[in-house]
Amino acid sequence: MHKARRPLRPAGRAHGPAHIRWRAVAIGAVVAALAAAGCSSSGSGGGSSGGKVTITELDYFTVGGANTAVNWYNKRFEAAHPNVTVKRQVVPYANLITKVLQGASAGDLPNIVMLDNPNVPQVAATGQLIPLNGLPGFTTSGYVPGAISECTYHGTQYCYPIGTNTVGLFYNKAMFAAAHLSPPKTWAELQADAKALTKGSVYGIAFDATADEQSTWQLEPFFWSQGGNLSQVTTPAFTDSLQLWVNMVKDGSASKSVLQWGQDPDLTQQFLHKTAAMIEDGPWIFPELNAAGWKYNQQYGIVPIPTKSPGGTVVAPLGGETWSLGKSGSSQQQNLAWEWIKGMQTPSVMTHVTKLMYYLPTKPAVTAQYLKGGPEYTVFAEETRTARSRTTTYGANYPKVSQAIWTAIQAAITGTATPSAALSQAQSTISSIPQVSTG
């Protein structure tokens, strides 16, 4: 996501024992040739010296389970490749895309580049990522469609996903039981339940309507499930979805503070403090729920995002980050970087890494095994099957579209414009933004 921005997850569980093997023939030949030629490091900070090879890797996982996962995998890779050192650089989330674009402009990207999935087209457009198509062992088979779509730019694959996530509706089981309510499946039920659960200091629902991508991300499953398209935001799919949010704020079921409440920790804390009976959020909040002693199907439950009509299919946005190959360094470094990325796609490694990060695997076959030990992920796993990449229509221009939408969300909830007028203003911006096919 995190969707929006994916929060950094604290440490999780489980181990994956599979040994990572490199392709000795293909890479060994390159190693020998480059060693004979005396190839040295590139500007990306890596190279070879005395038979040792350094590959560089960049990410924004500064803390928590994601940081643990990358460190674990780097040590595992180095153990399987005794002559290789993985030089990791970690920067804050807000700094990563700027650093990557600067590196791309200078032709000096790291060998392995982590990108938040909406940024993949923007970086691929620089021409400084290595296409994965045709590399030894490359395949798109076995992945959920959205995971492949988010890594595709102009028909070419530029990354592999680390894992994925999306949003669902968390609800307080005791509050629902006391009010004799069942979790909502439709918009009408959502609005009615939120109103019934609002009393005293408790709001029926909390969602993220902040002035950033998080609010667009949280509204997307409502309008996408109604057939909405990012290029036409004045349709009923959009106006009705935004009106639903406005109605719940207007009738007091949701606090006006949703304009400032981010997904995590804000919404999570509202839920844990029992000042919100329902929140829209994702699996990245599990560590905080666990730390508070809250257990799935005891203190809380999770259901899919309600649809306008009964039995509708939820089309949610895909969150998560990806790994790409920077077009820099020697052939030896690039081959090793490719082995590094491929190794993280093996089932046992994918399982371990995603559990540490509180993500879902992007391969349904792996997810099926994963759910045996984590039933709290079931709703998210079901939603990812029909989930959509946010960049499908606009590619590198998606952030501009998102800004137009979250600006409309803020205007409608503050009451400075009706949902229809706010979205009309957004449409005037979006109509001038070029669509970029990523498929």
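## A buried salt bridge

Glutamate 213 and arginine 390 are both buried. In this predicted model, their side chains meet in a salt bridge, with N and O 2.8 Å apart. The pair links distant parts of the chain, 177 residues apart. Glutamate 213 belongs to helix H8 (residues 213-224), while arginine 390 lies in the loop between helix H15 (378-384) and helix H16 (398-414).

## Other salt bridges

The whole structure contains 5 salt bridges. One of them joins arginine 88 to glutamate 57, whose closest N and O atoms are 3.9 Å apart. Because arginine 88 is in strand E3 (residues 84-90) and glutamate 57 is in strand E2 (residues 52-59), this pair ties together parts that are 31 residues apart in sequence. Arginine 88 has a relative accessible area of 19% and is therefore buried, the limit being under 20%. Glutamate 57 is also buried, at 1% relative accessibility. Glu57 and Arg88 are linked with Asp59 in a network of salt bridges.

A further salt bridge is formed by the side chains of lysine 308 and aspartate 240, at 2.7 Å from N to O. Lysine 308 lies in the loop between E10 and strand E11 (321-325), and aspartate 240 in helix H9 (residues 236-250), so the pair ties together parts that are 68 residues apart in sequence. Lysine 308 is partly exposed, with a relative accessible area of 37%. Aspartate 240 is partly exposed as well, with a value of 29%.

## A three-stranded sheet

An open sheet is formed by 3 strands in the order E9-E8-E10, with antiparallel pairing. Strands E9 (278-281) and E10 (300-303) stand at the edges; each has a single partner strand, so one side of each is left without a neighbour in the sheet. From one strand to the next, the twist averages 25 degrees.

Strand E8 (residues 168-172) pairs with E9 in the antiparallel sense over 4 bridges. Within this pairing, glycine 168 has aspartate 281 of E9 as its bridge partner. Helix H10 (residues 263-272) packs on the sheet and touches E8, E9 and E10. The direction of helix H10 makes about 160 degrees with that of E9.

## The disulfide

A disulfide is a covalent bond between the sulfur atoms of two cysteines. The structure holds 1 disulfide, formed by cysteine 151 and cysteine 159, with their sulfur atoms 2.0 Å apart. The link is left-handed, with -110 degrees about the S-S bond. Cysteine 151 is buried at 0% relative accessibility, and cysteine 159 is buried with a relative accessible area of 0%.

Notes:
Residues numbered from 1 in each chain as written. Predicted model: local features only at pLDDT ≥ 70, side-chain atom pairs only at ≥ 80, totals over all residues. Heavy atoms only, no water. Pairing = 2+ DSSP bridges. Helix = DSSP H or I, 4+ residues; strand = E, 2+ residues; numbered from the N terminus. Axes fitted to C-alpha atoms, helices over the stretch in contact; angles between N-to-C directions. Contact = heavy atoms within 4.5 Å. Disulfide = S-S within 2.5 Å. Buried < 20%, exposed > 50% of the residue type's maximum accessible area, 1.4 Å probe, protein only. Salt bridge = Lys/Arg side-chain N within 4 Å of Asp/Glu carboxyl O.
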